[in-house]
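Subject: Structure handover

Hello,

Here is the structure you were expecting. My notes on it follow below.

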Amino acid sequence: MRRRGFLGAAAGAGALALAGCEAPPPPIEGGFTGVDVARGHAMRDGALRSQAPATVKRTRVVIAGGGVAGLAAARALRLAGVDDFTLLELEDTAGGNARGGMVNGIACPLGAHYLPVPGDDAREVQDLLEELGLRRRVAGRWEYDERNLCHSPQERLFFQGEWQDGLLPVHGVSDATLAQYRKFAQRIDALQHAAHFAIPTLKVAVTPELLALDAIAFSRWLDSEGFSDAQLRWYLDYCCRDDYGAGIEHVSAWAGIHYFASRHGFHAPGDPSGGANDLNPEPNPENSGVLTWPEGNGWLTKQLAMPLGDRLRTGQVVTRIAERRTGVEVDAWDAATKSLVRWQAERCIVALPVFIAARVVENPPEVLKHAAAQVRYAPWLVANVHLRGPLADRIGAAPSWDNVVYGTRGLGYVDARHQTLDPTPRGTVLSWYRPLGPSSYDTVDGRKLLLERPWTGWRDDLFAELSVPHPDLASLATRIEITRYGHAMSIPRPGLLAEIGSQRTAPDDAPRDSVVAGRLSFAHADWSGYSIFEEAFTRGHVAGSSLA
């Protein structure tokens with residue numbers, strides 16, 4: 001897609017017809033970083049499977065995949081006193097879609113950039129945060145370290161030519177729009193009381209009520225409920241693209257409702273009860289909160305990886321996982337030595353996306369083949385742009401951590417310096433997020449576009465979108481580094497909950513089992529049907545705990 005096509009497609013939203021994009025941006029440095037596409041495709045295509053192993057090594061447990069689930073599994077083993085394990089990670093750093101990086105000396109996220117304060121259902125995540133010193137009990141109540149909670153102002157939206165607080169359009173909207181906001185809030189509240197929505201989904205029984213919502217698209221459910229307002233539907237579409245990588249026409253009603261009902265609901269403007277979503281500029285801190293760092297969730301994955309030492313092996317392309325009568329064999333091509341290493345172990349935790357697991361597991365079990373056939377993925381792009389100085393700003397709400405432009409393909413940007421305690425204006429890094437999954441904005445093959453389009457094309461898209469509120473953006477940019485994820489997250493499409501719901505267990509106080517087939521335990525957010533930190537971490541923790 002060329003720049004002219006992008007501009008034309010977005011013009012209907014009234015977003016890109018400003019003079020700031022008349023001249024091409026000045027030459028700046030940039031390129032792709034963070035993901036070794038060739039390694040991933042070698043795993044996918046089996047190009048390295050024909051090699052004979054140069055070395056055979058032994059360990060008790062092999063963890064294949066060093067994303068959040070794999071790191072959580074390693075932590076669970078370590079805390080249980082199991083030190084004889086090895087974690088094999090494809091990239092040069094662990095963390096999967098939750099890694100951090102540096103651009104011109106400034107830390108920034110390469111993927112997921114925040115963690116909502118977890119509810120009581122996510123006790124495993126709560127325990128991690130306590131271990132890391134992010135929360136402690138004071139006078140009988142839990143308190144979170146304010147240095148790591150997102151500083152105020154948290155969110156703003158560029159809407160109708162100015163910045164407003166929060167991400168739900170409120171300035172200048174009609175009384176009919178406000179009435180729909182209130183009606184939607186009431187409907188979500190009713191559904192919260194009628195069905196059990198929780199994070200992580202591993203702890204939720206799949207009920208007929210949830211399956212009925214899972215069976216239809218979110219857009220269809222909104223139609224049936226009379227939610228036709230354009231501003232409300234834009235906001236809900238934004239939320240789905242943000243968490244699921246796809247729009248309201250392509251995710252299930254269960255997923256669209258789960259976005260709100262699993263946390264703190266939906267609160268219409270003026271609701272005094274507070275809320276943990278994008279509607280209240282100053283929500284009640286007891287009801288909400290977001291933990292974030294300059295490098296995003298890369299801070300968390302770095303803490304998880306740090307204690308592993310040489311048990312974490314990066315640059316490892318897992319090519320084969322085979323179950324044997326007395327154990328498992330895991331073959332991995334070492335990018336540093338350019339040789340194949342065979343690991344022999346008692347058990348293997350397969351913390352890989354299910355489509356990869358189905359390719360590398362020899363004679364994959366039916367549960368894995370079925371899951372791989374059902375899950376579809378959203379491609380994703382994160383562009384980190386370094387600025388030599390602060391941007392000029394438009395009227396309205398003050399610069400925030402999360403800054404979104406209404407009616408655009410991207411999801412806006414976060415400011416890497418927002419958490420700093422130094423108020424001196426200076427250069428920073430803006431992290432711009434662009435989902436390429438199916439939506440009303442993107443109908444092209446996003447994965448193919450990621451592979452074939454030069455980085456300068458994404459640079460032009462970024463400037464076209466963000467120059468609307470910031471006409472001086474291109475003149476201040478010095479470098480852009482772009483991270484591409486061809487299979488960034490699983491899409492909770494209609495029917496997916498029904499297809500993989502059998503892998504969830506009813507909530508109780510007994511230990512929960514991970515997805516197990518013989519000597520293989522499967523742990524990845526894919527088994528929950530969508531990708532967030534809490535889902536991946538809990539799946540990995542359960543898998544690791546079950547082997548301890």
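How many helices and strands are there in the chain? There are 17 helices and 24 strands; helices (H or I, at least four residues) and strands (E, at least two) are DSSP runs, numbered from the N terminus. This is a predicted model, in which local features need pLDDT of at least 70 and side-chain atom pairs count only at pLDDT 80 or more, while totals for chains, interfaces and linings use all residues. Residues are numbered from 1 along each chain as its sequence is written, and side-chain values use heavy atoms, with hydrogens and water left out.

The chain has 548 residues, of which 59% are buried (under 20% relative accessible area, with exposed over 50% and partly exposed in between; 1.4 Å probe, protein chains only).

Strand 10

All 5 of the 5 residues in strand 10 (residues 155-159) are buried. Glu155, Leu157 and Phe159 point one way, and Arg156 and Phe158 the other. In a regular strand the side chains alternate between the two faces of the sheet. Strand 10 pairs (at least two DSSP bridges between the strands) with strand 19 (residues 402-405), running parallel through 4 bridges; here Leu157 stands opposite Val404. Another 4 bridges join strand 10 to strand 11 (residues 162-165), this time antiparallel, and Phe159 has Glu162 as its bridge partner. Strands 10 and 11 form a hairpin with 2 residues between them, and Gln160 in the turn has a positive phi of about 55°.

An open sheet of 6 strands has the order 13-4-3-17-24-23 and mixed pairing. Strand 13 (312-313) and strand 23 (515-517) are at the edges with a single partner strand each, so one side of each has no neighbour in the sheet. Strand 17 (residues 347-350) and strand 24 (residues 520-522) run parallel, joined by 3 bridges, with Ile349 opposite Ser521.

Helices

The axes of helix 8 (residues 230-244) and helix 9 (residues 253-261) come within 10 Å and cross at roughly 90° (axes are lines fitted to C-alpha atoms, for helices over the stretch in contact, and angles run from 0 to 180 degrees between N-to-C directions). That makes helix 8 roughly perpendicular to helix 9 (65 to 115 degrees). Residues in contact (heavy atoms within 4.5 Å) include Tyr235 and Leu236 in helix 8, and His258 and Phe260 in helix 9.

In helix 17 (residues 533-547), 13 of the 15 residues are buried.

Regards

Notes:
Parallel < 35°, antiparallel > 145°, perpendicular 65-115°, else oblique.
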